[in-house]
Amino acid sequence: MESIWEHSPENDYEKKMHEELKNGKYQVKISNKSYTCPYCPGKRTRDFRYEDLLQHATAIGSCSSQNAKRTERDKANHVALTKYLQTDVAVLPAGGGGGSKLPSAAKSHAAAVLEQGLHGRDEVFVWPWTGVMVNIPTDLKNGHYVGKGGIKLRNQLAKRKFNPIRVRPLWSCQGHSGTAIVEFHKDWSGLTDAMSFEKAYDSTNHGKRNWLAKTDKSSDDVYAWIARVDDYKSNSIIGEDLRKIGYLRPISDILEEEARKTNICPYCPWRRTINFQYKDLLQHASAIATCSSKKRTAKDKANHLSLAKYLQIDFAVACASGSTKPPPSSVVVEAVTNYDPNEMLVWPWSGVVVNIPVELKDGRYVGESGSKLRDQLSRRGFNPIRVQTLWIDKWHSGTAIVEFRKDWSGFADAMFFDKDYEVNNRGKTNWLAKTDKSSDLYAWIARVDDYNANDVIGETLRRFGDPRTVLDIMEEEARKTNKLVISLTNIFETKKRYMLEMESKVKETESSLSQLIVERDNMRRVYNEEIRKIQSSAWDHYKKIFKDHEKLKVELETQKRDLERRGQDLMKRETHNKIERERLAEELEQNAVKNCSLQAAAKEQQRADENVMKLAEEHKKQKEKLHKRIIQLEKQLDAKQAVQLEIEQLRGKLNVMMHMGHEGDLRVLNKVELLIKALREKEEELHDLEALNQYLILQERNRNNDLQDARKELVNYMEWNGSKSCFLGLQRNISKWSYWREENGGARQQAIS
């Protein structure tokens with residue numbers, strides 16, 4: 001990676017982006033095994049493993065192509081991301097064959113980052129990584145102390161980016177103890193979170209030292225730190241719980257164990273699969289060493305060839321999946337040839353471990369478990385299958401039986417185990433000769449004297465093993481091999497005969513197949529010709545169908561236009577019919593109104609006829625009265641004329657008397673006065689008759705005017721109602737009445753005059 005930084009030197013922008021990544025402005029780490037590129041949000045694959053993201057950032061940062069999609073700013077961003085991943089992200093695998101692992105350079109740097117703030121590589125922690133929280137506020141309710149639950153505490157820590165797996169409050173017989181155990185991930189990211197957890201509380205004077213130095217512990221502030229040796233060995237409820245869930249491990253042991261779990265090809269540092277299992281790495285090296293591709297140079301092939309020889313001859317390390325690799329065949333042969341074949345050993349190969357430290361707790365001795373001893377022996381390369389600690393009446397005896405594989409690789413591991421302790425003066429002879437039994441472990445391979453011993457070791461060995469010599473085992477294996485060879489020879493002869501039979505059958509089958517192939521070719525040729533004919537006829541049929549389809553399409557279009565036109569006509573007719581229906585409805589309503597009016601007019605005509613008849617009768621009566629009146633008037637007229645005559649006569653007499661009055665006739669004067677008086681009375685009577693006559697004439701004229709007005713109104717009403725026949729009949733009646741009135745009126749007027 002140094003070449004990348006030489007090729008793309010840091011500038012101010014790269015430094016700025018690197019600082020922003022360190023300050024957490026952009027999210028890179030999603031989870032313990034998942035990362036994302038903050039500068040490629042539109043990328044289809046957004047979740048990367050660590051090595052994939054590192055490869056992605058390196059490739060873009062060192063890209064020298066003239067691709068318009070990659071600007072200088074993109075390259076600078078990815079260069080800063082590469083530096084951040086190499087220098088500031090502390091991630092190591094938690095184990096397991098399927099997980100992704102870091103390259104050695106990144107791993108060593110991650111270990112250095114993790115050890116910042118620690119006292120050294122040998123500092124001991126409780127593993128799995130665990131934190132301690134104390135002084136959690138509690139309340140007394142119903143005689144028991146209660147406090148915050150584990151979920152609430154975990155959510156509080158998660159909000160502060162400490163990423164705990166679980167938080168378990170510790171409970172005593174009185175209730176909530178005010179303490180809790182914080183569990184982190186078992187990988188290196190878990191230790192990083194645990195260190196951040198401790199530093200955060202220590203920076204606010206709420207670490208372990210502040211808690212131990214605090215005299216007044218009545219406040220509600222929570223104190224927290226990482227669990228270490230003193231917490232693990234304490235007699236408090238915290239120590240008891242820590243001893244149940246974990247054990248003590250130094251950082252150096254964890255780093256060495258992780259280093260042994262990783263197999264890396266030193267000549268392919270940027271390969272997508274960086275970490276291999278043993279067999280996969282050997283296959284990778286052998287394949288490249290023997291490949292004929294021009295992409296691989298002679299130097300690459302030579303490097304991988306030397307790597308393959310190294311793996312086959314000199315390399316013995318645990319595989320990444322947790323299973324162990326057998327020692328090389330040369331090591332096994334050397335172990336067998338350098339050992340006395342007649343010495344009795346316990347088979348399956350077993351070892352004995354004594355002087356395991358024990359301590360008295362709760363009235364009984366306890367010590368390390370078998371899994372811890374197995375891990376210690378595995379780290380030293382002894383590859384045990386199982387370590388079984390021996391107990392006497394529920395007391396740890398301080399001894400253990402180490403079981404190895406049953407094959408010769410297990411024998412080589414057992415001999416290596418025996419010689420290692422013997423070279424370090426901690427073998428069986430040293431144990432038997434030692435008077436001062438120190439705390440060091442002593443171990444050796446289980447032999448016949450251990451098998452026949454009357455202690456717990458002998459009882460255990462007799463339960464699952466038998467004493468056998470190497471020669472017996474070799475002879476038994478030779479017998480098994482000979483038996484296997486004979487069986488395989490028989491199988492080979494049988495298979496050979498079967499193969500000869502199969503060869504003859506194959507020849508027969510080949511001849512029949514060749515004939516079948518010829519027939520098949522003929523059938524295929526005929527079939528192809530038929531297919532061509534069918535395709536040709538199908539094409540003709542298709543063209544005919546297409547033409548018919550086009551014709552039908554044109555007809556349908558024509559019919560469609562006709563239907564649309566008819567639809568428009570129908571819509572117009574429907575609109576016209578609607579208007580006509582409305583007009584007819586109005587006419588019907590008008591006719592109904594007219595019918596009602598005609599009925600009313602008929603009734604009015606009937607009433608008018610009745611009224612006319614009544615008027616006719618009344619006029620008849622009045623006519624009779626008028627006749628009588630005319631007769632009377634004629635009489636009066638006669639009387640008037642007689643009176644006028646008398647008046648004239650009287651006037652004549654008066655004039656005569658006047659002329660005779662000069663003679664002084666008193667009698668004549670009296671008579672003249674009487675005549676004058678009578679004349680005046682007659683004149684007054686004549687005047688009264690003229691006044692009566694004028695009054696009657698005026699009354700007649702008024703009635704005539706009223707009758708003319710009534711005739712006009714009745715004629716207008718009949719014209720408005722449209723009843724012509726009624727109007728004509730009434731008009732005839734009125735005309736008759738007018739004619740009768742005119743005649744009677746003229747006669748009367750004539751009579752009066």
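The structure holds zero disulfides, a disulfide being a pair of cysteine sulfur atoms within 2.5 Å. This is a predicted model, in which local features need pLDDT of at least 70 and side-chain atom pairs count only at pLDDT 80 or more, while totals for chains, interfaces and linings use all residues. Residues are numbered from 1 along each chain as its sequence is written, and side-chain values use heavy atoms, with hydrogens and water left out.

**Cysteines**
- The closest cysteine sulfur to that of cysteine 40 belongs to cysteine 37, and at 3.7 Å it is too far for a bond.
- Cysteine 40 counts as buried at 12% relative accessibility, whereas cysteine 173 is exposed with a relative accessible area of 74% (buried means under 20% relative accessible area, exposed over 50%, partly exposed in between, with a 1.4 Å probe and protein chains only).

**Sheet**
- Four strands form an open sheet in the order E15-E16-E12-E17, with antiparallel pairing (strands are DSSP runs of E, at least two residues, and helices runs of H or I, at least four, numbered from the N terminus; two strands pair if DSSP finds at least two bridges between them).
- Strands E15 (386-392) and E17 (442-445) stand at the edges with a single partner strand each, so one side of each is left without a neighbour in the sheet.
- Strand E12 (residues 350-354) is joined by four bridges to the antiparallel strand E16 (residues 395-403), and serine 350 stands opposite glutamate 403 in E16.

**Packing helix**
- Helix H15 (residues 370-379) packs on the sheet, touching E15 and E16 (contact means heavy atoms within 4.5 Å).
- The direction of H15 makes about 140 degrees with that of E15, where axes are lines fitted to C-alpha atoms, for helices over the stretch in contact, and angles run from 0 to 180 degrees between N-to-C directions.
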